[in-house]
Amino acid sequence: RAKDEGKDRLAFYEPGLQEALRREMALVEALREALAGDQGELTLFYQPIVDLTTGAPVALEALIRWPKASPGEFIPLAERHRLMPELGAWVLRRACREQARHGLPVHVNVSPQELLHPGYPGLVAQVLEETGCPPRALVLEVTETALIPDERGRDATLTVRILRELGVRVFLDDFGSGYSSLERLAALPVDGLKLGQAFTQALGNPPDPQSPAARLVAAVLALAQALGLAAVAEGIEGEATLAYLRRLGFTLGQGFLFGRPAPLGV
Ligand code: C2E
Ligand code: MG
Ligand code: MG
Ligand code: MG
């Protein structure tokens with residue numbers, strides 16, 4: 001009986017599943033071709049990270065763009081199909097090459113798969129040398145998941161130490177959405193953290209200082225300050241949120257209020 005029901009359910013979902021699978025395989029194939037050809041299908045957009053008191057950009061975050069899908073869809077897909085090392089190398093090389101055009105430090109997102117690859121620090125050293133990008137002008141954004149040991153005890157903490165010895169800075173992206181314990185965070189060899197936009201948005205509009213989200217955001221800032229880390233608030237969309245984050249003591253931020261991701265001007 002139960003088995004039959006299970007079978008029915010499977011039959012019911014099959015067409016959708018098949019369609020999703022077909023789209024995934026088509027996208028993977030197209031992505032492979034885009035990488036191999038490098039005919040300009042893949043590009044980088046940049047979004048400013050600003051000084052919250054002046055609004056002046058202090059750095060740019062590189063965000064990949066592809067006409068066929070959003071990064072939210074194709075980055076996880078590239079991870080599943082082991083394309084991430086290649087795609088990540090493309091992003092790193094392009095971002096470091098373009099750094100001279102804007103002259104600001106550039107933030108590059110690094111997926112766990114790239115960071116856990118033994119050749120990663122070597123790749124970074126090579127790209128810095130080949131592009132002439134100064135190590136201090138490169139900031140790698142990593143996620144907490146890559147810095148937490150997996151079942152086999154593997155984590156990227158050592159890689160992060162090596163990268164910082166090269167002079168590159170490392171920030172934790174989307175801080176608060178992972179599982180770092182306080183103890184773990186204190187031991188993590190990073191330069192800064194980015195408060196995930198989920199938190200910024202949970203403050204409400206206008207922000208409610210009594211809300212649990214507000215207390216949490218204040219606590220994250222205090223933690224960053226206690227550890228001597230830079231703190232960037234992501235996802236700032238409105239003036240009220242900006243005013244509130246400034247009052248809390250945030251000095252760096254990013255969001256649609258200051259600028260959407262856009263191609264590098266000439
Ligand atoms: P992320 O690194 O946390 O990047 C911030 C995302 O939030 C970007 O989405 C950006 O466009 C968006 N955003 C910025 N300001 C605001 C705002 O005020 N409001 C809202 N609602 N959103 C805002 P995007 O470009 O779609 O990228 C999504 C995610 O995909 C990134 O999150 C990052 O995890 C990943 N990603 C993007 N480019 C790359 C890349 O080159 N390599 C890797 N490994 N991952 C990437
Ligand atoms: Mg990021
Ligand atoms: Mg982020
Ligand atoms: Mg993200």
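Predicted model: local features only at pLDDT ≥ 70, side-chain atom pairs only at ≥ 80, totals over all residues.
Biologist: What should I know before reading the model?

Modeller: Local features need pLDDT of at least 70 and side-chain atom pairs count only at pLDDT 80 or more, while totals for chains, interfaces and linings use all residues. Residues are numbered from 1 along each chain as written, chains are lettered from A and ligands numbered from 1 in written order, and side-chain values use heavy atoms, without hydrogens and water.

Biologist: Which residues come nearest to ligand 1?

Modeller: A residue is near a molecule if one of its heavy atoms lies within 4 Å of it. Around ligand 1 there are 24 residues, and R65, N109, D173, E237 and F256 come nearest. The shell divides into nine nonpolar, seven polar and eight charged residues, where Asp, Glu, Lys and Arg count as charged, Ala, Val, Leu, Ile, Met, Phe, Trp, Tyr, Cys and Pro as nonpolar, and the others, Gly among them, as polar.

Biologist: Which polar side-chain atom lies 3.2 Å from an oxygen atom of ligand 1?

Modeller: A polar contact is a pair of N or O atoms within 3.5 Å. The atom in question belongs to D174. The side chain of E61 also has an N or O atom 3.0 Å from a ligand 1 oxygen.

Conventions. Polar contact = N/O pair within 3.5 Å; in protein donor to acceptor, adjacent residues only side chain to side chain.
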